[in-house]
Amino acid sequence: MDRWLSRLEASKWLSHVKEALNAACLAAQCLEREEACVLVHGAEGKDATLLVTALAQVILDPACRTLVGFQGLLEREWIQAGHPFQLRCAHSAYAHTRLKQEAPTFLLFLDCVWQLGRQFPFSLAFNEHLLLALFEHCYASPYSTFLGNNEKERRLCEMREKTHCLWPWINHVEKFLNPLYMYNPLAIWPSVEPQSLVLWQGLFLRWVHSSYHLDEAWAEIRRIATSSQTYSPQLHRAT
């Protein structure tokens, strides 16, 4: 256990999560509280820049916290903006050596969104299952959504004409929806205190800890929420 904890600390993963959320909150505060324009500029604009701008929109915009809105955010801020998924992710799933271009930037974004969902369990219309699915598909997928490094490559290969998009499949999977979701028009400001950020066990420990009981509990929550939505109009008329 001591060795595992020391290796976790040495990876500085949670520090990266904290720094990403900090930067996104700073940009979001300038936009909302100071009504200022914000320029987010990185070395090439393909990694940290997209991370900050996408997180800031999730924090500020309730539309980006819906299932369809979150898909639009990924299309706009990651896929069309040119995050090089092929270089950053493609080899990592199978290679034993790490290439120079590899970087888990998109995974860091998904982890930060998971932290937001954990701190605001009613404000995101999707759940952990969606984030896990996106993680898997960005590394290895039968769909073309995360293929290539930019829009030019995808157009040259005619991916949209010859392959299928990931989003229609996601929109038909019920388990990706958060049964506790309630529309929240306000910004969600995350805490970045050390006790507020935790390791994403559903991803990093999923081969160690079984999620069977958790999945069973969420299925029951979903059943109760669905039943409440079905019977509430009848109860209202009776009163």
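Biologist: Is the crossing of α4 and α6 left-handed or right-handed?

Modeller: This model is predicted: local features need pLDDT of at least 70, side-chain atom pairs count only at pLDDT 80 or more, and totals for chains, interfaces and linings use all residues. Residues are numbered from 1 along each chain as its sequence is written, and side-chain values use heavy atoms, leaving out hydrogens and water. A crossing is left-handed if the near helix is turned anticlockwise from the far one by less than a right angle, and right-handed if clockwise. For α4 and α6, the crossing is right-handed.

Biologist: Are α4 and α6 roughly parallel or roughly antiparallel?

Modeller: Helices are DSSP runs (H or I, at least four residues), numbered from the N terminus. α4 (residues 67-79) and α6 (residues 105-119) pack at about 150°, with axes 14 Å apart. Axes are lines fitted to C-alpha atoms over the stretch in contact, and angles run from 0 to 180 degrees between N-to-C directions. Angles under 35 degrees count as roughly parallel and over 145 as roughly antiparallel, so α4 and α6 are roughly antiparallel.

Biologist: Does K12 count as buried or exposed?

Modeller: K12 is in the loop between α1 and α2. K12 is not a glycine, but has a positive phi of about 60°. Buried means under 20% relative accessible area, exposed over 50%, partly exposed in between (1.4 Å probe, protein chains only). K12 has 52% relative accessibility, so K12 counts as exposed.

Biologist: What is the relative accessible area of E158?

Modeller: E158 lies in the loop between α8 and α9. E158 also has a positive phi, about 50°, although it is not a glycine. E158 is partly exposed, because its relative accessible area is 37%.

Note on methods:
Helix = DSSP H or I, 4+ residues; strand = E, 2+ residues; numbered from the N terminus. Parallel < 35°, antiparallel > 145°, perpendicular 65-115°, else oblique.
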